[in-house]
Amino acid sequence: MANTAVISFLKPDYPFSILDKPSQLRLLELSYNNLVDWHLLPDSRGLTAIFNRTDPPSDYRVDTRDAWRADAFAQVSGRKVKPELKALDSAFISTISFWKRAIGAEVGTTATNEHFSALFNVLIFVRAYEDHWRRLGRLTEDRLLINLAASRERLTIADICQRAFRTLGSQAIPDFVQELVDQLGVFSEISTDTIQLLLMDFYKNRYSPYRYDFSLISKHALSRIYEHYVSILRKPDDHQLRLFAELSEERANKALGSYYTPQFIARFFARYVQEHTPPKEFREMKVGDPACGSGIFLRTVLELRCDPLSSLSRNTVPRSFRNILGLDIDNSACEATRLSLSLLHLVLTDDFPKSLNIQTRDAVEFSLVERAEHKTFGAVMANPPYIRWESQSRQWQDQAVRYLDGLEQGKMDAYAAVLKVGLDLVRPGGLALYVLPHTFLHAHNTRKLREFIGREFWVRLVADLSDIKVFEDVNPYTVLLIVQRRLELAVEPLATVVKCRSDVGEALNAALAGRVADNEYFRVFEATQGSFSANAWRLLPPRHQLVIDQLERLPALSRFAHIHQGIITGADEVFLRKNAEVSAKERKIWRPLLSDREMIPYTVPATVDQLVFYPVTPAGRAKQAEIESAYQQTWAYLKLHEKKLKNRKSLSKPGTAWWRPLWLREPGVLFSPKIVCPHLMLTPRFALDAEGRFAVTRSPFIIPNDEYGWGGADLLKYLIAILNSTIGFWQIGAQSQKYGQQYAMVEKKTLSNFRLPDPRSIPATSMRRLISLVDARLEGRGVAKVESAIDEIVVGLYGLNKVDLEELGIS
């Protein structure tokens with residue numbers, strides 16, 4: 001966690017430097033076990049800052065009166081200190097990963113992933129219980145589990161855990177924990193030595209000098225550990241005899257489509273609900289998570305609701321825990337949530353909760369059956385699974401269609417149905433807070449769902465984090481969405497929009513505080529609810545939206561030109577080849593390919609590096625017999641890759657032979673004069689293929705509309721000037737999906753709706769001047785000067801001026 005530290009106050013006569021090493025380590029365990037790298041120790045002259053992830057710990061002095069200022073700590077924590085020790089979560093995950101594989105090799109296939117989840121949950125539970133009592137001074141025995149394992153009796157891991165609970169004085173452990181203990185019989189045959197080594201690793205961190213303190217381990221660590229609870233153990237498929245058993249192999253179960261939620265998002269959502277709800281209502285209202293995973297959202301809300309520093313009544317904690325609901329289709333996830341919430345309840349009350357409403361259940365099925373729960377929740381928050389429609393079972397698809405009841409449009413990913421669950425559960429005035437993919441804002445298949453939100457809800461916040469790597473191993477280009485079910489007779493609120501390139505914490509804090517901001521790292525501004533009434537939600541500041549409104553009064557590009565998509569082969573690794581790999585006599589069915597990386601503004605290269613298989617001759621589409629007889633080298637090459645080509649998932653298109661690219665464009669279209677561009681652009685790169693020499697794959701291309709009745713060659717020159725201009729590309733960027741680091745994803749639909757002045761309305765002198773400048777640019781004369789002159793003319797054609805460009809951030 002960036003810019004976070006634990007603060008400890010030492011007696012004046014006992015500075016950190018004179019403490020013996022065990023005392024130093026015990027002190028630093030407070031920060032380490034809370035996943036905090038820095039530990040601050042103030043004194044009369046300033047403070048000592050300790051970085052706990054080096055061995056020995058690194059200390060830095062700040063001897064000024066301003067040592068406690070945020071910028072002073074930022075200066076210290078900004079030092080490039082190279083961590084030598086694994087962080088708590090990484091160390092514990094590595095330990096769990098090792099023991100899942102080691103024990104898996106010893107017990108074989110009898111132990112399922114759920115058994116391992118139960119084992120680690122129980123051990124964490126016992127250790128947290130033990131550390132909690134020790135912290136309160138009610139337990140003096142050290143390493144309880146190891147002492148029990150070392151007894152003369154041969155105890156199984158289940159026996160050891162049961163005796164540990166009795167020793168700790170628990171008369172009635174929660175039912176779900178007892179159910180977990182009952183699953184441990186599968187490990188009854190593991191050796192005593194293995195048990196002792198396993199238990200030792202739950203006390204001593206094998207990757208750092210710090211002991212684990214499970215009473216302190218934060219929700220973020222438990223969330224990270226959850227990732228490994230949902231892994232699948234699989235023994236290597238090897239039939240050779242071996243002297244020693246192999247360790248099992250561990251693979252993540254990505255079929256569940258879920259990724260752990262970073263703590264900063266959970267805390268932001270919880271704080272947003274707290275800031276927008278009266279205190280008593282916040283502590284008592286129902287809060288749900290229909291895709292609870294490790295329970296990080298529910299735990300974060302409960303931490304704020306049951307803050308010991310607040311004035312809490314005796315019944316506040318039990319009532320707060322009763323009024324939560326967690327759903328997940330993965331039982332291991334539900335166990336992790338119960339574990340996390342039970343440990344929090346233990347810290348708050350010295351006891352376990354009598355029950356927790358955490359259900360292993362599909363969210364859509366729950367919402368269909370439990371209609372009485374609709375419109376009863378004060379808040380629902382979730383990071384739903386991102387599972388493609390094709391990956392779902394037919395039963396789930398049918399259930400989702402029935403549930404969405406007309407809101408479905410095409411093939412919808414699983415997250416859309418889980419979002420609808422949250423929308424149904426929240427009451428009037430209630431908040432639904434979701435982590436969603438950026439495509440939700442504009443995708444055609446979620447348009448009706450966006451319209452439903454526009455009718456029934458107010459959009460309170462949209463945070464575009466598509467430039468931030470929110471999840472460690474994948475980047476689905478994330479947005480945070482907060483909506484509120486409409487209240488009657490209430491004033492329509494403004495929405496807060498966040499567009500973030502970095503410093504996401506500062507950006508979200510500004511949004512929480514209601515501050516507008518505009519800097520190089522992020523932008524926070526307000527938008528009316530009308531901004532979310534269009535087919536696609538554009539996250540534009542008011543001035544930018546005014547320009548878009550002005551542009552939309554102009555005709556669309558589709559009026560003057562046809563926009564097509566390039567060839568889709570379905571197997572580029574086979575159908576794209578280097579020039580040298582294809583003999584001259586077979587070049588008739590291998591055409592020059594202009595790749596995205598070879599596309600530059602205005603001009604196309606004289607030659608290209610690659611060819612694409614294009615089995616179309618002047619007589620029409622070639623048949624297999626013609627390829628076999630007339631193009632024998634090509635046929636031999638295709639046969640070499642026959643298995644791969646036949647296994648293409650998209651080969652289901654009727655009439656597509658296994659050896660043919662999936663979608664070939666007609667030669668009269670593909671090889672006509674056209675404008676080409678890459679699929680992803682950071683700067684404008686529209687080029688004129690005036691002779692129609694090149695094929696393109698996947699990327700869009702533009703050919704003039706003959707019915708428009710205005711010169712084809714000059715029309716293409718006019719269009720390329722508009723598209724490569726700063727205002728033209730700003731328009732594309734404002735209306736296209738973003739693909740990491742501000743790349744605009746240019747698609748057929750983006751270009752079809754591109755707005756531009758009607759060329760027939762432009763004075764002849766201005767048009768002649770523009771066309772002559774384009775000719776000069778195509779010839780490579782005075783590139784920078786010519787492009788500037790083109791830009792000036794285009795800006796004028798749009799009716800904009802220099803001030804307009806500055807407000808749009810266009811230099």
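Predicted model: local features only at pLDDT ≥ 70, side-chain atom pairs only at ≥ 80, totals over all residues.
The chain has 811 residues, and 55% of them count as buried. Along its principal axes, the C-alpha trace spans about 95 × 70 × 60 Å. You'll find 31 helices and 28 strands in there. And if you take the contacts with a separation of 6 or more, 72% of them come from residues 24 or more positions apart.

Let's go inside. As a general point, nonpolar side chains in soluble globular proteins tend to be buried together. Here, the largest nonpolar core has 99 residues, and the members touching the most others are F269, F440 and I453. Which helix gives the most to this core? That's α17, residues 414–425, with 9 residues. Have a look at F269 too: leaving aside neighbours within four places in sequence, its contacts are F297, M381, L433, Y434, V435, L480 and I482. Apart from that core there's another one, with 67 residues, including F16, W99, A158 and V181.

Now a helix pair. Helix α10, residues 263–275, and helix α19, residues 504–513, have axes that come within 11 Å and cross at roughly 10°. The cut-off for roughly parallel is under 35 degrees, so α10 is roughly parallel to α19. On the α10 side, the contact uses F264, F268, R271, Y272 and E275, and α19 brings V504, L508, N509 and L512. Sorted by class, that's 6 nonpolar, 1 polar and 2 charged residues.

Next, α14, residues 331–349. Its 19 residues reach 26 Å from first C-alpha to last, close to the 27 Å expected at 1.5 Å a residue. Since 15 of those 19 are buried, α14 is largely enclosed by the rest of the structure.

Which brings me to the backbone. Most residues other than glycine have a negative phi, and most peptide bonds are trans. So, some exceptions to point at. L35 isn't a glycine, yet its phi is positive, about 60°. Last one: the peptide bond from D55 to P56 is cis, with omega near 0°. You can find P56 in the loop between β3 and β4.

Terms used. Residues numbered from 1 in each chain as written. Heavy atoms only, no water. Core = buried A, V, L, I, M, F, W, Y, C linked by side-chain atoms within 4.5 Å. Buried < 20%, exposed > 50% of the residue type's maximum accessible area, 1.4 Å probe, protein only. Helix = DSSP H or I, 4+ residues; strand = E, 2+ residues; numbered from the N terminus. Contact = heavy atoms within 4.5 Å. Axes fitted to C-alpha atoms, helices over the stretch in contact; angles between N-to-C directions. Parallel < 35°, antiparallel > 145°, perpendicular 65-115°, else oblique. Nonpolar A, V, L, I, M, F, W, Y, C, P; charged D, E, K, R; others polar. Expected span 1.5 Å × (residues − 1).
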